[in-house]
Amino acid sequence: MKDLPKSVRVAVCQLAPVLFDKTATIQKTVAAIEEAARHGAELVVFPESFIPAYPRGLSFGYVVGSRTMEGRRDWKRYYDNSVIVPSADTDLIGSAAAKAQVYVSLGVTERDDTSATLYCTNLFFGPDGSLLGKHRKLKPTGTERCIWGEGDGSTLPAIHTPFGVMGSLICWENYMPLARAAMYQKGVTLYLAPTADSRDEWQATMRHIALEGRCFVIGCNQHVTKAMYPADLCCGEELNDLPENMCPGGSCIYDPFGRCIAGPVFDREEIIYADLALDDIILSRMDFDPAGHYSRPDVFALRVRTE
């Protein structure tokens, strides 16, 4: 492993999008990048599907065997506010990253530029404004599969930065043992976990991955209340019986020894800052290196299809 600087300052943006409004949410994203840079951040992390929203609580009219036209109209609104990659929308984020001279990890709902399929995607931008790569969620969970298509092995990037190798798995992909192993095999030391999971149990997952991967794990979630949803959704009544606090948050950072060094933060929007002591990566791997001396390649082998 190449020598690393002593530290990197990370900003974890536990924010709410302007739900179903791509333009306004991009403006909020740019403002957050600028604010994080003023606080010295070198890496700025946003939640899963920050643009245009994680559509919690909505069915889009899906039931087994049929769909509703009202649900289709809500889905079309979501589709219209999703992001083509690359596009003028991603150029705006790249320009903000370049102006701030920071790395940015951003969750979006991606609209395929040749079909009508949507994907839950994590984007990576460099401090020169370039789009460094994207990861499409491999397996949407539950009824997410009615909204998002499945990614494939061609979008499992390992982003090499001065602070180490950066990669991401989205939400419950982090429960996929072989997906985690693929991240370790790529040498990921800054492990990003944008999510929609705010349960207490999620903290155990983040801690376990930090210990298993001997890496910094950065969990980032939205904080969203019911009042933030558009009032004119066709199927807005689906939210009536749901709690006002739709997504409490729980954003956090764990170090390679499994210690929580920031968060978890609940029940509010906040940009969380932490200085990661990068020497801890090497110190923690003295006795356990998941893709090195502890991996037993004579017994186990992992093949990742990247086509």
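Colleague: How many disulfides does the count come to?
Modeller: In this predicted model, the count comes to 0 disulfides.

Colleague: Are Cys171 and Cys220 buried or exposed?
Modeller: Cys171 counts as buried, because its relative accessibility is 6%. Cys220 counts as buried as well, with a relative accessibility of 0%.

Colleague: Turning to helix 4, which of its residues are buried?
Modeller: Helix 4 covers residues 177–185, and its buried residues are Ala179, Arg180, Ala182, Met183 and Tyr184.

Colleague: What covers them?
Modeller: The cover over the buried residues of helix 4 includes strand 7 (164–168), strand 8 (188–194) and helix 5 (200–213).

Colleague: Which residue with a positive phi follows helix 4?
Modeller: Gly187 follows helix 4, and its phi is near 85 degrees.

Colleague: On another topic, how many cavities of 30 Å³ or more are there?
Modeller: The count comes to 1 cavity of 30 Å³ or more. The largest cavity holds about 70 Å³ of space.

Colleague: Which residues line the largest cavity?
Modeller: Its lining consists of Glu48, Tyr54, Arg56, Thr195, Ala196, Asn221, Gln222, Val224, Tyr229 and Cys247.

Colleague: How many of the lining residues are nonpolar, polar and charged?
Modeller: The lining of the largest cavity has 5 nonpolar, 3 polar and 2 charged residues.

Note on methods: Residues numbered from 1 in each chain as written. Predicted model: local features only at pLDDT ≥ 70, side-chain atom pairs only at ≥ 80, totals over all residues. Heavy atoms only, no water. Buried < 20%, exposed > 50% of the residue type's maximum accessible area, 1.4 Å probe, protein only. Helix = DSSP H or I, 4+ residues; strand = E, 2+ residues; numbered from the N terminus. Contact = heavy atoms within 4.5 Å. Disulfide = S-S within 2.5 Å. 1 Å grid on protein atoms, 1.4 Å probe; cavity = no way out; pocket = protein on both sides within 12 Å on 5 of 7 lines; lining within 4 Å. Points joined across faces, edges and corners; volume = space filled by probe spheres on them. Nonpolar A, V, L, I, M, F, W, Y, C, P; charged D, E, K, R; others polar.
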